[in-house]
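This report is meant for a reader who is meeting the structure for the first time.

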Amino acid sequence: MTTPAPRSPRRRRLAAGLAVVTTGALTLAGLTATTAAAADINVAKNAGFESGLSNWTCSAGSGTAVSSPARTGAGALRGTPSGQDNARCTQTVAVKPDSTYALSGWFQGAYAYLGVSGTGTTDVSTWTPGASSWQQLSTSFRTGANTTSVTLYTHGWYGQSPYYADDLRVFGPDGGGGTDPGPDPVVVPAAPTGLAVGSPTTTSLGLTWSPVSNATGYNVYRGGTKVLSTTGASATVTGLTADTSYSFQVTATNAAGESVKSSSVSGRTAASGGGGGDNPAVPKHALTGYWQNFDNGATVQKLRDVQAQYDIIAVSFADSTATPGQIVFNLDPALKYGSVAEFKSDIAAKKAAGKSVVISVGGEKGNVTINSDASATAFANSAYALMQEYGFSGVDIDLEHGINSTYLTKALRQLQAKAPGYVLTMAPQTIDMQSTSSEYFKLALNVKDILTVVNMQYYNSGSMMGCDQKVYSQGSVDFLTALACIQLEGGLDPSQVGIGVPASTRGAGSGYVAPSVVNAALDCLTRGTNCGSFKPARTYPSLRGAMTWSTNWDATAGNAWSNAVGPHVHNLP
C-alpha cells in the first residue's frame, strides 16, 4: 500500500557548548542550533485504502474497498461505473499555498482517471485506457497563493468495466493535515541489469533489460548522453545512421533519484537497403497502399500498375491452409497475369524502384490462427518461404478476427531470425488500439524493435475515445488525430504510426474523409497546424505517413487520393 516518505526529524546541534561562570553571570559560548526544513510528505489520507473507504467519498455507492487485486498491502479501491455514473471517488486534501505537489497513483482494469481540482491555478488530470496489470499515472500541480485544500479524485468511464486504484500520492509540503503513520523511506533504485540489443533496422536499435523492483522509470543513454525516458523495461532508440555502431547504458529512477548507469552494451544498425537481400529501405515518410489480389468491382491492376506515390504495397491477401499458422499465396486469375513468373517480375521491378512489397495476412474475410508454438513456427516458416519464392519484402498483419499476442510475437521474431530487417506492418481496427492492454497493442509493443509501421484503420468504426478523454465520431480530423495520439503516447515511436483511410467512398462502408482532411491531420500531428478542436500537447515530426484501402479503389477514383496525400506525406518535416 501507500508508503509516504518520512518527515525528517528536527535536528538540533549543540556544538562546543561551554558554560563560563563569571561574576554574577552565566555565559554560553559557542552555542549553535539549526533546524532542517520539514521533508515533503504524502498529504493524502488512507491513500492505499488499508482502512476501507475512510477519508473517501464515492458517487452513488460506486466505490468499494477490496483485498484483491491490491498492488501493495491488503487493500485497493474498485470503482464500478454504471449508467451515467463514472464511479468518481474524492478526498479533500490539506495543502500549503503557493507550493508544488507531485500527484501519482497506480491503476488496473478499465479506463481510469486521476486528478485534482480547486488548485487555485491550473487543475490537472491524467488517464489510462486500461491495463491488465498495475500501471502508474503521474502528473504535478501548483497551488495558488490562497489555496489551503484541493479535491483529489479518481474515476472510470461511463459504461466501462470496473477500474482498480491503489497507492495514491499527493506528495509535497504538509498543509497542516499531516500524513498517515508508519511511512517507509523511498530509496534510490539499483542499476538495471541484463541490458541487451535487439534486432536492428537502418535507423533504430531496440533495447531490453530486467525490471528494477522499486523503479518508476528508466533513462536510456547513448554514448553517455541521455536520449530518452520510458516507464517500461524496453525502448527503441531511433534516428540512427545506417551501418553504424552505438553504445548504450540505462539507469533506473524513482522519487528518491536516479541509479548509477548499467553496464554498457553495443549494437550496430542495419546497412542501407534494410531487410536483407535486395529490399530497399522504407523512406522516413511513407505512403502505404493495399493492392487487391481479386476483383470486387474496383479497377483491376497488375502490380506494375500501382501508382508511383506508394512506398509500401501490401499484396492482399495470403491464404490459410489446414495447418494452423501456415500461409500460402494464390495469384487470382481475375488479374489476368500470363504466369506467376510475370507477377514475380512485377515485384522485382517495384523493389528496384525503391518500393517495399509485403504479403498481407488476414483481411475482412481471411483468418490465420496462431495460438501455439507449432502454429507460430508454421507461420514463420511459410511466410519466409513466400518471401524467398516471390521476393516479398516482409509481411503485413491485418488479422481482424482476434489474435494471440504471445504466439504471434513468437512467430514474428522467428521470421526476424530468418530475414533480419524485414518490413513489418500492421493494420488493426480502431477498437484494437484503444488500450495498451489489447492484444494488438501488446503485439505492436512486443515487436517494437522490429516494427515498421502500424496503419490503424480509421474507418468502419463507431465513435471512439481519444487520448484527451473525449469521444469522437469517425469522419473528422479530430477522429484521426485524437486516436493517433493514443498510439503516439502509448509507447509506439512516431515513425511507427500511420493514418489508414479509404481511398474513396466505395472503399469502405463508412469513415471516408477527403484527402484534404487526411493532410490536415498529418499537419496537426507533425507541425501543430490545421488541427480541429483537438490539438495534441506536442508534435510528432517523424510520423511515418498514411495508408489507404486500396490502390484499386484509388485508381477507380482517378488516383485522387494518392495524388493529393502522397506528395503531402513525402513533404512532411
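In this model, which is predicted, helix 3 passes helix 4 in a right-handed crossing. The contact between them is made on one side by Ser 405, Leu 408, Thr 409, Leu 412 and Arg 413 of helix 3, and on the other by Glu 439, Lys 442, Leu 443 and Asn 446 of helix 4. The axes of helix 3 and helix 4, the latter spanning residues 439-446, come within 9 Å and cross at roughly 30 degrees. Because angles under 35 degrees count as roughly parallel, helix 3 is roughly parallel to helix 4.

Helix 3 (405-418) is also one of the elements against which the buried residues of helix 2 pack, and the others are strand 25 (327-328), helix 1 (340-352), strand 26 (356-363) and strand 27 (394-399). Helix 2 itself covers residues 373-390, and its 18 residues reach 26 Å from the first C-alpha to the last, close to the 26 Å expected at 1.5 Å a residue. Which residues of helix 2 are buried? They are Ser 375, Ala 376, Ala 378, Phe 379, Ala 380, Ser 382, Ala 383, Leu 386, Met 387 and Tyr 390. An α-helix has 3.6 residues a turn, so residues three or four places apart point the same way. Helix 2 is followed by Gly 391, whose phi is positive, near 90 degrees.

Is Val 423 buried or exposed? Its relative accessible area is 4%, and since buried means under 20%, Val 423 counts as buried. When neighbours within four places in sequence are left aside, Val 423 is in contact with Val 282, Ser 356, Val 358, Ser 393, Gly 394, Val 395 and Thr 452. Val 423 and Val 453, which are 30 residues apart in sequence, are 8.7 Å apart in space, taken from C-alpha to C-alpha.

| Property of the chain | Value |
|---|---|
| Buried residues | 50% of the 573 residues |
| Contacts with a separation of 6 or more that join residues 24 or more positions apart | 74% |
| Accessible surface | about 23000 Å² |
| Part of the accessible surface belonging to carbon and sulfur atoms | 50% |

Notes. Residues are numbered from 1 along each chain as its sequence is written. This is a predicted model: local features need pLDDT of at least 70, side-chain atom pairs count only at pLDDT 80 or more; totals for chains, interfaces and linings use all residues. Side-chain values use heavy atoms; hydrogens and water are left out. Buried means under 20% relative accessible area, exposed over 50%, partly exposed in between (1.4 Å probe, protein chains only). Contact means heavy atoms within 4.5 Å. Accessible areas come from the Shrake-Rupley method with a 1.4 Å probe; for residues, only the protein chains shown count as cover. Helices (H or I, at least four residues) and strands (E, at least two) are DSSP runs, numbered from the N terminus. The expected span of a helix is 1.5 Å times one less than its number of residues. Axes are lines fitted to C-alpha atoms, for helices over the stretch in contact, and angles run from 0 to 180 degrees between N-to-C directions. Angles under 35 degrees count as roughly parallel, over 145 as roughly antiparallel, 65 to 115 as roughly perpendicular and the rest as oblique. A crossing is left-handed if the near helix is turned anticlockwise from the far one by less than a right angle, and right-handed if clockwise.
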